[in-house]
Amino acid sequence: MDDRYRNNANLYQGAKDIAREMNQVSDDYRYQDSSYEGYAPSDGYYHGGNEPAQEEDAQSDATEGHDEDDEVYEGEYQGIPHPDDVKGKHKKKAPGVADDYRDHADLMTQRMEDEEQLAHQYENIIEECGHGRFQWTLFFVLGLALMADGIEVFVVGFVLPSAEKDMCLSRSNKGMLGLIVYLGMMVGAVMWGGLADKLGRRKCLIISLAINAAFVFLSSFTQGYGFFLFCRLISGFGIGGSLPIVFAYFSEFLSREKRGEHLSWLCMFWMVGGIYASAMAWSIIPHYGWGFGMGTKYQFHSWRVFVLVCVLPCISSLIALKFMPESPRFLLETGKHDEAWMILKQVHDTNMRAKGEPERVFTVAHIKTPKQIDEFIEIQSSTGTWYQRWLVRFTTTFKQVWDNVLCCLTAKYKMNTLILGVVWFTMALSYYGLIVWFPDMIRYFQDEAYKSRRQNFTNDKISNATFNFTLENQIHTNVEYINDTFMKIKLKHVTFEDTLFKNCYFIDVTSSETYFNTCTFEYTIFNNTDLYKHKFIDCKFLNSSEPEEKEGCHLDFEEDNDFLIYLVSFLGSLSVLPGNIVSALLMDKIGRIRMIGGSMLISAVCCFFLFFGNSDSAMIGWQCLFCGASIAAWNALDVITVELYPTDKRATAFGILNGLCKFGAILGNSIFASFVGITEVVPILLASSALVGGGLLALRLPETREQVLM
């Protein structure tokens with residue numbers, strides 16, 4: 001019997017022997033009791049399931065990593081065949097069923113099993129690589145990209161007061177400019193998130209940041225409203241991809257114990273972007289002399305300098321990303337085993353050198369690669385033109401992205417996607433609506449207080465007087481000015497009604513929000529003033545020099561910028577800091593679900609107390625409290641969205657949900673702004689109800705802090 005066995009040892013044994021060998025390879029990666037075979041608990045290294053134990057001398061040589069006779073480093077990739085390659089060779093040798101003829105469900109089942117094995121093995125590999133210099137470097141690089149996203153949200157609000165004067169923007173144009181960025185970000189989030197799961201995180205992030213930087217740069221120089229609007233739309237489209245890609249990218253370099261905390265720390269950069277934009281606007285925009293002009297057709301005012309300064313974080317992140325590797329988890333999902341291994345070794349070696357342990361070697365030789373199902377089909381150069389090949393590539397990629405989007409709505413992910421969608425939408429509706437409503441309400445309170453101090457002059461007669469001082473916040477009704485001179489003065493918020501000007505002179509007069517209603521001018525001279533025709537409503541000019549018609553728009557230009565918008569945004573962004581620190585420290589202790597629910601309910605209570613905010617200082621205080629309380633929910637939403645979806649759908653799902661978030665922001669801005677000066681009840685009740693409903697619904701989501709990244 002033994003002789004018969006030895007004689008037949010080299011013969012093929014059919015499908016039974018093949019299956020036994022495949023199972024043996026698979027056993028090397030089977031996850032048992034929270035660790036793979038071959039990972040020693042003492043050192044966390046992967047040594048391979050069937051390796052014999054080393055002798056003492058051999059272990060010493062392995063630690064040294066060098067042998068005089070054979071210069072091979074332990075753990076260094078030496079072209080060892082991949083387990084899947086072994087399976088492939090056996091399939092070629094033995095009769096089997098080709099993948100093309102296997103049931104699609106069987107292939108999907110095999111891929112899901114492979115992905116589960118990979119998830120647990122990858123977790124152990126990341127733990128072996130450690131958390132150190134590499135992750136912190138990537139943290140700051142991606143933080144700059146996230147900072148650029150935060151800046152993009154604030155930029156338009158800061159430049160509107162100045163841009164409306166340069167571009168003669170009407171009220172509707174200003175509203176469109178404020179919303180167009182959110183529209184671009186909504187579309188960009190969905191598109192770039194989907195592409196990142198097919199083309200790679202790093203590649204898509206570089207392209208999206210490059211688009212943002214290019215069109216922000218163009219928008220600072222364009223003079224026309226239409227092209228400026230287009231540039232802001234495309235810049236928003238570019239930066240819209242940063243949020244879903246950044247969190248998916250960074251999470252795939254973090255172990256389970258570090259993921260919640262460090263993703264929360266990463267969220268701080270969005271707040272830093274708001275502070276940066278506020279500080280730059282406050283220090284640059286009021287300095288009108290920082291710009292230049294080329295005749296009357298081209299003007300480059302200080303707000304355009306501010307736009308250029310705001311693109312610096314985006315450019316810095318773009319440059320730094322050129323030196324960062326692709327996510328190894330994404331590469332493994334797409335079957336690129338060797339590239340992923342090299343990157344993981346780079347992560348390990350970088351961290352070990354920084355820790356002062358350069359002699360420690362990367363012991364992983366094989367990493368599980370999921371079964372590849374979708375084959376990319378491209379017309380070859382011999383059978384098609386470059387145009388045909390690119391068309392096929394485009395349509396194939398689009399179909400893959402679309403299928404991925406639909407997959408997020410299938411039975412397996414449907415409930416989580418719907419609940420997360422509602423929570424993202426309610427948070428965005430209330431948060432973005434209120435951060436627009438707060439400054440408008442504060443300005444409304446200040447305008448009301450300003451109007452309450454208005455001086456009224458009625459039925460008066462002033463003769464032979466010279467006005468050489470500023471007139472501000474006044475109403476002159478049925479007053480007669482005879483032989484009076486208005487010289488080198490400023491008229492601010494002054495209204496003349498049913499007033500007679502006879503033998504008067506207006507010389508070197510500047511004005512803002514000043515109007516003449518049903519007034520009469522007799523023998524009156526206007527010289528070097530900005531009192532243009534649109535400021536005279538139903539007035540009569542008898543033997544007087546009529547005011548000139550102003551070229552371009554009829555907006556008033558005030559030299560003193562209202563710093564309120566900078567102050568409110570700065571304080572709102574700064575108030576996020578304590579909440580961000582608390583959420584980062586507690587994210588892995590109390591869990592993502594409790595963090596979302598508790599933060600949203602506390603934010604709803606803050607909204608309710610807005611009924612008692614009847615002054616600008618009270619509104620600023622409640623805004624800071626609301627922003628500080630709500631940031632924990634935002635951080636937890638970012639973390640749980642990353643953890644609930646597998647690698648091949650992570651950025652896609654995040655992009656869909658973030659796009660829904662921007663849609664909520666558009667609705668919030670439009671709805672809340674329309675009630676300023678009318679009622680406080682609707683915005684407060686709407687925001688509170690949305691937060692309570694979203695917070696309670698979030699409690700139905702599964703907790704993810706203990707699970708590995710699928």
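This is a predicted model: local features need pLDDT of at least 70, side-chain atom pairs count only at pLDDT 80 or more; totals for chains, interfaces and linings use all residues.

Reply: Arg259 and Glu643 form a salt bridge in which the closest N and O atoms are 2.8 Å apart. Arg259 belongs to helix 11 and Glu643 to helix 21 (residues 616–643), so this pair ties together parts that are 384 residues apart in sequence. With a relative accessibility of 0%, Arg259 counts as buried. Glu643 also counts as buried, at 1%, because the cut-off for burial is under 20% relative accessible area.

Salt bridges with shared partners join Asp197, Arg201, Glu252 and Arg650 into one network. Within this group, the side chains of Arg650 and Glu252 meet at 2.7 Å, N to O. Arg650 is in helix 22 (residues 647–673), whereas Glu252 is in the loop between helix 10 (242–251) and helix 11 (256–284), so the contact ties together parts that are 398 residues apart in sequence. Arg650 counts as buried, its relative accessibility being 0%. Glu252 is likewise buried, at 0% relative accessibility.

A further salt bridge joins Glu152 to Arg232, with 2.8 Å between the closest N and O atoms. This pair, too, links distant parts of the chain: Glu152 lies in helix 6 (residues 133–167) and Arg232 in helix 9 (residues 225–239), 80 residues apart. Both Glu152 and Arg232 are buried.

The pairs described here are among the 13 salt bridges that the structure holds. As a general point, side chains of opposite charge can pair when their charged atoms come close.

Notes: Residues are numbered from 1 along each chain as its sequence is written. Side-chain values use heavy atoms; hydrogens and water are left out. A salt bridge is a side-chain nitrogen of Lys or Arg within 4 Å of a carboxyl oxygen of Asp or Glu. Helices (H or I, at least four residues) and strands (E, at least two) are DSSP runs, numbered from the N terminus. Buried means under 20% relative accessible area, exposed over 50%, partly exposed in between (1.4 Å probe, protein chains only).
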